[in-house]
Amino acid sequence: MYNEVFVVSDIHGEYKKFKEILKYWDSNRQQLIILGDLCDRGLQSYECFYLAKYLCDNYGAILIKGNHEDLFLNFLNKTEDFKENYIKNGGLKTLESFGYSENNTFKDIVLDIKKNNDKLIEFLTYLPNFYEWNDYIFVHAGVNLKINNWKDTSIRDFMWIREDFHFTPNRLNKTIVFGHTETKILNKNNKYDIWINDNKIGIDGGAVYGGYLYGVILDVHGIQDYVYV
């Protein structure tokens, strides 16, 4: 078991930043955990997907399912039902990274993605919703702190919850590390600093919006260091 973890979140197609932050990860000493949202909005979601899969397959990295992985899968599986919402949430950039252009239809690109990326789709479909390490919970959006057992949090809340998690007291004796909500919103000062409050650590630095992609190093005592690109 590793003595430290190295955590990143909300990469959103920022492949260059993803590769850059990994230069600070010590694969011999640190468990790599990615809190989801590899895709959408940025230009290189395809590359981010495959780099994350490579890291999971070859280095035992943990990738948590984010709401944007879920949006991507919903679009592939029920295109007509989900296309409008997916495009509204930045999905067009992901489709373009898979080769979509104005010469295609959505049906064409979906067929092409399914034909040529079946292993990736299977991988994304079965991603976990959370990961526990010592006294930490790693999750994309948060957990339901109003129920008796946080593990009974709905699948949707693991990926989408915001205020009901941020502002409900954490009585779990565990620190919850999450992304999903940009830290400048949580900090209420328009700054992308890491948000730390009530044994909750928010690390979505808004990389795709001109903020930061954080790499946070944790051990059993708390945050030991962090880097950003």
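**Strands and a helix pair in a predicted model**

Good morning. In strand β5, V139 is the bridge partner of F130. Before I continue, a word on the model: it is predicted, local features need pLDDT of at least 70, side-chain atom pairs count only at pLDDT 80 or more, and totals for chains, interfaces and linings use all residues. Residues are numbered from 1 along each chain as its sequence is written, and side-chain values use heavy atoms, with hydrogens and water left out.

Let me place that pair. β4 and β5 (residues 136-139) run antiparallel and are joined by four bridges. Strands here are DSSP runs of E with at least two residues, helices are runs of H or I with at least four, and both are numbered from the N terminus. Two strands pair if DSSP finds at least two bridges between them.

Both strands belong to an open sheet of five, in the order β4-β5-β6-β8-β7, with mixed pairing.

I now turn to β9. This strand (residues 214-219) is mostly covered, with six of its six residues buried, where buried means under 20% relative accessible area, exposed over 50%, and partly exposed in between (1.4 Å probe, protein chains only). In a regular strand, side chains alternate between the two faces of the sheet. In β9, Y214, V216 and L218 lie on one side and G215, I217 and D219 on the other, and all are buried.

What does β9 pair with? Strand β1 (residues 4-8) pairs with β9 in the antiparallel sense over three bridges, and F6 has I217 as its bridge partner. β10 (residues 222-228) is also antiparallel to β9, with six bridges between them. G215 stands opposite V227 of β10, and a hairpin of two residues joins β9 to β10.

Finally, the helices. The axes of α3 (residues 67-77) and α4 (residues 79-88) come within 6 Å and cross at roughly 140°. Such axes are lines fitted to C-alpha atoms, for helices over the stretch in contact, and angles run from 0 to 180 degrees between N-to-C directions. Thank you.
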